[in-house]
Amino acid sequence: MALRPFNAPGARLALRTKRRADRLTALAGESEVILDVSRLLSRAFHASPTGIDRVEYVYARELLERMPDRLAFAAVHPAGGYYGRLSGAAVRQFLAFTAAKWRNADAADLREGKSVIRHMFATRPRPVPRPTRPRIYLQVSPHHLDDHEQVGAILRAEGAKFVTLVHDVIPLSHPEYARPQGAAEHGRRVRTIDRYAAGIIGNSQATLDALAPHLTRGLTDRIVRVAHFGADAPDIFGASGEPLPERPYFVYISTIEPRKNHLLLLNVWRRLVETLGDAAPMLVLIGRRGWENENVVDILERGEILRGHVIEAGEVSDARMQALTAGARAMLMPSFVEGFGMPVVEALAAGVPVICSDISAHREVGGDAPDYLDPLDGPGWIGAINAYASEESPQRAAQMERIAEWRAPTWRGYFDIVTDLLDELQASFA
């Protein structure tokens, strides 16, 4: 068989391909990590963050600290289309602005809106550079995951493997608690994850257990980790000194939506007021109104018996939320289903007792510390709230002792797990 000259075009191409592969393999331990911050950019005009907003923020801050030389930022434009790479310096400024805005949500005004626009323009896109090392595209929010073709195009443009964080699969496992199109939309997200994800981070084992049946390949053939969100992000929170209710009170931090079970608490409080009158404790609801809430909204707006006893605080600054939580007799969390239950962790970490529904996600993160109740056990919730409202409550004192033995998850521990996943995925490039 005749030998082709070494300098033939095909041989030169093969040599260049081999050299490029060797170069990428040699740099596999220093893979580039591209963090998608689409969610933060899309939420720039919102004064108060959701839990997913906070997580994406912490990812950006922590990875900047851990791997500044390997980290890049990218996003999908709020109007659609891949926005491309973002200026690292502009993203840092945007993160600082975002944290300041969250601390002072009550002071949001036109000037802040203009400032948001300035920061968003500062993060104008740059072309995707030619790869000099392997790439991992990391997305920690569900933003645009429902667009299978767009995610595929992004990964091809970047030449990257895909890692994603799954917060929950509630619209699929409990479609009755989702928006009318929520199950179909979430189904598209899960199909995207199933097709492209080389690595999956679950915020709890409960979330991964719920996700697995919806994946054609299950959780095998991928790198999977469970990592519980940390409860120590002090730069997000403001100082104390906020005005608080004068009577004993309880808090519930949650968007008002059906699965959060606000209706139970409103009926409980009606019974408490009917029984105790002005001696009843107060309930402070923190969070915006969601969807499918006609019954709850009717009670909040027209339930005269609850006036002065149930306070709908709505979206508040982090400073006020932290102060209200710290002064509460307990955090209430009667939700029917959760992926994680961040308010449970944050309350316990602040030394505030928690009374929550007896569901697997709460058990996983709360351990033995909280008091658990069936989310349909109205008399049980009335009894627990009455018991905790007393200054000399032995039940509350007992939980405080359990909290002293509980260990809060930390963001440092969380990102140790994330880094371990990224390292394992890097090794697969070799």
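**Rings, burial and a cavity**

Tutor: Let us start with a cluster: ring pairs link Y59, F229, F340, W411, Y414 and F415. Rings of Phe, Tyr and Trp (its six-membered ring) pair if their centres lie within 6.5 Å; planes under 30 degrees apart count as stacked, over 60 as edge-to-face and the rest as tilted. Please note that this is a predicted model, in which local features need pLDDT of at least 70 and side-chain atom pairs count only at pLDDT 80 or more, while totals for chains, interfaces and linings use all residues. Residues are numbered from 1 along each chain as its sequence is written, and side-chain values use heavy atoms, leaving out hydrogens and water.

Student: How many aromatic pairs does the count come to?

Tutor: The rule gives 10 aromatic pairs. F229 and F340 form one that is edge-to-face, with 5.0 Å centre to centre and 65 degrees between the planes. This pair links distant parts of the chain, 111 residues apart: F229 is in the loop between β8 (223-226) and β9 (249-253), and F340 in the loop between β12 (331-333) and α13 (342-349). Helices (H or I, at least four residues) and strands (E, at least two) are DSSP runs, numbered from the N terminus.

Student: Does F340 count as buried or exposed?

Tutor: Buried means under 20% relative accessible area, exposed over 50%, and partly exposed in between (1.4 Å probe, protein chains only). F340 has 4% relative accessibility, so F340 counts as buried. F229, at 5%, is buried as well.

Student: Why is the pair of W411 and F415 tilted?

Tutor: Their ring centres are 5.9 Å apart and their planes stand at 35 degrees, so the pair is tilted. Both residues lie in helix α17, 4 residues apart, about one turn of the helix.

Student: Which residues does L422 touch?

Tutor: Contact means heavy atoms within 4.5 Å. Not counting residues up to four places away in sequence, L422 touches V33, M67, I136 and V163. L422 is placed in helix α17 (residues 411-427), and is buried, with a relative accessible area of 1%.

Student: What share of the chain is buried?

Tutor: Of its 430 residues, 52% count as buried. The secondary structure comprises 17 helices and 14 strands.

Student: Which helix gives the largest share of the lining of the largest cavity?

Tutor: On a 1 Å grid over the protein atoms alone, a cavity is a set of points where a 1.4 Å probe fits but cannot get out; lining residues have an atom within 4 Å of a point. Helix α4 (residues 88-103) gives the largest share, 4 residues. Among the lining residues are F94, T98 and W102.

Methods: On a 1 Å grid over the protein atoms alone, a cavity is a set of points where a 1.4 Å probe fits but cannot get out, and a pocket is an open set with protein on both sides within 12 Å along at least five of seven lines; lining residues have an atom within 4 Å of a point.
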